[in-house]
Amino acid sequence: MTLKDKLTAQRIYLLLAALFITSLVVSNLIFQKFFYWYPFNVKLFGSKLFEISVGILPYPITFLITDLISEIYGKKRANDVVVIGIFASIFSVLIIFLADKVPALPNSPIKDTVFSNVFGRTILAVGASMFAYLFAQFIDIRIYHFWKKLTQGRHLWLRNNFSTWLSQFVDTFSVVFLLCSFNVLPWSSFKGLLVSGFLFKVFVAALDTPFLYLGVYLFRRRFKLNVNEEISLI
């Protein structure tokens, strides 16, 4: 690979990392708004199926990106993005904490109570999310590379979905459990939110498989990579 190709690959890696971090941080900021995905009028454990937080919308993007990075750049680069995401989440929590403690002016468009209601619980949400995220992402990457090695780089759909299913269950269970434990969400919603969140993520994981195939195809074509070949940025 030429120096020009390596520089291009590095820029793309940084862009993917930026998308990953943005999706992760935003999902933690908007989690308090819930919506109902209307195509399914089914009740499960007392809750409507797919009655979920909007914070779940950008979150599957992070798993698509780590799978793409794992496939093209390797396990170490995928783990690096996960660690960077953790630091970005911690930093965002510190900023929100300071902003919440600063008293608003009498003529401020957003009052202290409104700001605290919207962002005050973000610290708990990010704490719960980071705990779940740390385990889920590393599980996803480990399982992804297990299947990649076992299939010798073939059957991309298998490792994309199998790795995501388990990691998303770990993530969903951990987040909902911790938020209920901190009284951010009622325990009566635990089962419904767990099943709804997990099934939604599995559904999205199946939908993003063609996009992963497209991304891998474009990378291999642009950088002339063979099956199971990875780009080294060193």
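Reply: Let us begin with residue classes: Ala, Val, Leu, Ile, Met, Phe, Trp, Tyr, Cys and Pro count as nonpolar, Asp, Glu, Lys and Arg as charged, and the others, Gly among them, as polar. By these classes, the lining of the largest cavity here holds 11 nonpolar, seven polar and two charged residues. The model is predicted, so local features need pLDDT of at least 70 and side-chain atom pairs count only at pLDDT 80 or more, while totals for chains, interfaces and linings use all residues. Residues are numbered from 1 along each chain as its sequence is written, and side-chain values use heavy atoms, with hydrogens and water left out.

Me: How many cavities of 30 Å³ or more does a search of the whole structure find?

Reply: Rolling a probe the size of a water molecule over the atoms shows where empty space is left. A cavity is a set of points, on a 1 Å grid over the protein atoms alone, where a 1.4 Å probe fits but cannot get out, and its lining residues have an atom within 4 Å of a point. Points are joined across faces, edges and corners, and a volume is the space filled by probe spheres set on them. The search finds one cavity of 30 Å³ or more, and the largest cavity has about 350 Å³ of space.

Me: Which residues lie nearest the centre of the largest cavity?

Reply: Of its 20 lining residues, S53, G55, I56, V175 and L179 lie nearest the centre. Helix α6 gives the most to this lining, with five residues; helices (H or I, at least four residues) and strands (E, at least two) are DSSP runs, numbered from the N terminus.

Me: At what angle do α1 and α7 pack?

Reply: Axes are lines fitted to C-alpha atoms, for helices over the stretch in contact, and angles run from 0 to 180 degrees between N-to-C directions. Helix α1 (residues 3-29) and helix α7 (residues 190-223) pack at about 160°, with axes 11 Å apart. That makes α1 roughly antiparallel to α7, a term for angles over 145 degrees. The axes of α6 (residues 156-181) and α7 come within 8 Å and cross at roughly 150°, and these two helices are therefore also roughly antiparallel to each other.

Me: With which residues is T8 in contact, leaving aside its neighbours within four places in sequence?

Reply: Contact means heavy atoms within 4.5 Å, and T8, in helix α1, is in contact with R222 and F223. The C-alpha atoms of T8 and F223 are separated by 9.5 Å, although the residues are 215 apart along the chain.

Conventions
Angles under 35 degrees count as roughly parallel, over 145 as roughly antiparallel, 65 to 115 as roughly perpendicular and the rest as oblique. On a 1 Å grid over the protein atoms alone, a cavity is a set of points where a 1.4 Å probe fits but cannot get out, and a pocket is an open set with protein on both sides within 12 Å along at least five of seven lines; lining residues have an atom within 4 Å of a point.
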